[in-house]
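Work through the exercises below with the sequence and the coordinates open. Each task is followed by a stepwise solution.

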Amino acid sequence: MQLSPPHAPHLVRGPITQERLATLVHGFYADVRADPLLGPVFEQALADRWEPHLERMVAFWSTVALGSKSFTGNVFGKHMALADVTPAHFAAWVRLWGEHTERLFHAEDARELQITAHGIARNLFQGYFGTRPTFAHRS
Ligand code: HEM
Ligand code: HEM
């Protein structure tokens with residue numbers, strides 16, 4: 001018998017909700033941890049603080065996308081304190097973010113989440129390296 005509606009609608013593509021943002025964050029960071037390039041930077045910074053980090057990231061994205069105002073933090077300063085971040089880390093981060101946002105959200109919403117991440121990526125990239133990326137990049 002076909003079960004309808006699905007028991008876990010936030011696991012399949014749909015509108016931006018708190019639950020679906022939580023699914024996004026948990027799935028994205030599972031891949032970040034498993035990524036040979038990104039994983040070590042995060043393990044070194046977060047060690048036993050993964051749970052609070054994931055909670056903060058759900059709060060961050062729900063503040064951005066739903067206006068929940070549940071996040072305050074120092075995004076730039078925390079990143080500048082990380083050791084050994086290279087342009088390749090950004091390429092990997094942005095690639096995974098594209099995959100996970102497109103898996104869970106409709107094209108227009110995925111695009112909004114990518115544009116927000118790109119704005120932060122620009123800001124952080126400029127902070128680390130003082131220039132634009134040299135890899136394939138528009139304008
Ligand atoms: C490109 C877009 C990126 C966005 C939108 C982003 C966003 C964020 C945000 C919102 C936080 C939470 C800050 C806080 O807790 O106050 C964070 C933390 C962190 N990010 Fe990123 N980030 C990006 C790229 C990267 C990259 C490329 C790396 C390095 C591989 C990285 C490594 C980290 C780490 C390790 C933390 C935890 C810092 C700590 O709590 O000590 N991020 N990021
Ligand atoms: C100082 C840093 C950066 C500047 C000034 C910059 C600027 C731009 C501009 C002007 C565009 C075209 C318009 C737009 O879509 O916003 C663009 C597109 C793009 N950038 Fe960046 N960017 C920066 C860093 C990065 C980083 C670190 C990444 C990560 C890999 C990245 C990935 C992309 C991608 C994938 C696109 C194409 C977006 C699309 O599909 O339209 N950018 N960037």
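Axes are lines fitted to C-alpha atoms, for helices over the stretch in contact, and angles run from 0 to 180 degrees between N-to-C directions. Helices (H or I, at least four residues) and strands (E, at least two) are DSSP runs, numbered from the N terminus. This is a predicted model: local features need pLDDT of at least 70, side-chain atom pairs count only at pLDDT 80 or more, and totals for chains, interfaces and linings use all residues. Residues are numbered from 1 along each chain as its sequence is written, with chains lettered from A and ligands numbered from 1 in the order in which they are written.

**Exercise 1. Describe the fold and the extent of the chain.**

Step 1. Count the elements: 6 helices and 0 strands. Their order from the N terminus is α-α-α-α-α-α.
Step 2. Compare sizes. The radius of gyration (over C-alpha atoms) is 16 Å, close to the 14 Å from the globule rule for 139 residues, so the chain is as compact as a globular protein of that length. The rule is 2.2 Å times the number of residues to the power 0.38.
Step 3. Box the C-alpha atoms along the principal axes: roughly 55 × 40 × 30 Å.

**Exercise 2. Characterise the packing of H1 on H3.**

Step 1. Take the axes. Those of H1 (residues 18-34) and H3 come within 9 Å and cross at roughly 130°. H1 is therefore oblique to H3. Angles under 35 degrees count as roughly parallel, over 145 as roughly antiparallel, 65 to 115 as roughly perpendicular and the rest as oblique.
Step 2. List contacts (C-beta atoms, placed from the backbone, within 7 Å). From H1 they include Leu21, Val25 and Tyr29; from H3, Leu54, Val58 and Trp61 are among them.
Step 3. Sort by class: 11 nonpolar, 3 polar and no charged residues. Ala, Val, Leu, Ile, Met, Phe, Trp, Tyr, Cys and Pro count as nonpolar, Asp, Glu, Lys and Arg as charged, and the others, Gly among them, as polar.

Note on methods: Two residues are in contact if their C-beta atoms, placed from the backbone, lie within 7 Å.
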